[in-house]
Amino acid sequence: GRWADFAQGDISGDLLDLICRTQEIGLREAIDKGCEFLGIERVSWGSRERRKEYVEPERPKNARAIAKAPAVDTWLASRKISPEVLARYKLVADGESTVVFPYMRAVKLLHLKYRDMKQKKFWSSANTELCLFGWQSLDPHTRAVCLTEGEMDTLALAEYGVQALSVPYGAGKKGKQDWIENEWDHLERFDT
C-alpha cells in the first residue's frame, strides 16, 4: 500500500497520495475517487435532515488591508503574526480598529467573526454557517491538523508551520459545538 518515486526526489506515500499526485487533486477528492473505484458507499453526515439554511455573510463595509488599520496592525504585530500568515488566512480590518476573521471553505465565505481592538469586544455574522477557521490556508494534502480554541492560537501555530484550524466560539455549551454537524464530513480526510 506504499509507493515511492525516487526520480522526483524521494516522493512517497500511500495510494491516496498517489491519486492526489497523479490526478492533481486534494485529499478529500482522492478519498471520493478511491471509494468510487472500490465500490465503497459513503454515508455523508451532511445529508442528514438536520441541515439548516444559512445566509452568506455580508462583507465588511469598511474593509481594508491590515497595514492600513494601525490599531489592528500593531496588535497583530505585537503577537508576532507575520504579514505572510495574515495573507494566507485572508484577515482584513474593518475600519481603524477591528480585525475580521473570515471563516471559509475553499474560496467560499461562510461566516465572519470580528474583534474590536479598542473595546476588546467580539461579534459575528448572523445566520451564517458555523465552520472551522482556517480551511483557506491548509495544504490540501495534509493528513494531520491541530484544532485550537481560538483564531489567534491557529495563527500562532501557523507561524511555527503547524497546520491548524480553530473552532468558532471556544469550548463549552449553548451552541458552541454546532460547527461539528457542518464539518464532520470535511474532517474525515485527516488521520490525526
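Are glutamate 129 and arginine 105 buried or exposed? Both glutamate 129 and arginine 105 are buried (under 20% relative accessible area; exposed is over 50%, partly exposed in between; 1.4 Å probe, protein chains only).

All views show a predicted model, in which local features need pLDDT of at least 70, side-chain atom pairs count only at pLDDT 80 or more, and totals for chains, interfaces and linings use all residues. Residues are numbered from 1 along each chain as its sequence is written, and side-chain values use heavy atoms, with hydrogens and water left out.

**View 1. Glutamate 129 and arginine 105 form a salt bridge.** The term means a side-chain nitrogen of Lys or Arg within 4 Å of a carboxyl oxygen of Asp or Glu. Here the closest N and O atoms are 3.0 Å apart. Glutamate 129 sits in the loop between strand 7 (121–124) and strand 8 (146–148), and arginine 105 in strand 5; the pair links distant parts of the chain, 24 residues apart. Strands (E, at least two residues) and helices (H or I, at least four) are DSSP runs, numbered from the N terminus. A search of the whole structure finds eight salt bridges.

**View 2. Glutamate 96 pairs with arginine 64 in a salt bridge.** The closest N and O atoms lie 2.7 Å apart. Glutamate 96 belongs to the loop between strand 4 (92–94) and strand 5 (98–105), and arginine 64 to strand 3 (residues 63–64), so the pair ties together parts 32 residues apart in sequence. Glutamate 96 is partly exposed, at 41% relative accessible area. Arginine 64 is also partly exposed, at 28%.

**View 3. Aspartate 191 meets arginine 143 in a salt bridge.** The N to O distance is 3.2 Å. Aspartate 191 is in the segment after helix 6 (179–187), while arginine 143 is in the loop between strand 7 and strand 8; the two are 48 residues apart. Aspartate 191 counts as exposed, at 56% relative accessibility. Arginine 143 is buried, with a relative accessible area of 16%. Salt bridges link Asp14, Asp17, Arg143 and Asp191 in a network.

**View 4. Methionine 104 is a buried residue of strand 5.** Its relative accessible area is 9%. Which residues does methionine 104 contact, leaving aside its neighbours within four places in sequence? They are Lys90, Leu109, Leu110, Cys131, Leu132, Trp135 and Gln136, where contact means heavy atoms within 4.5 Å. Aspartate 153 is 49 residues from methionine 104 along the chain, and their C-alpha atoms are separated by 17 Å.
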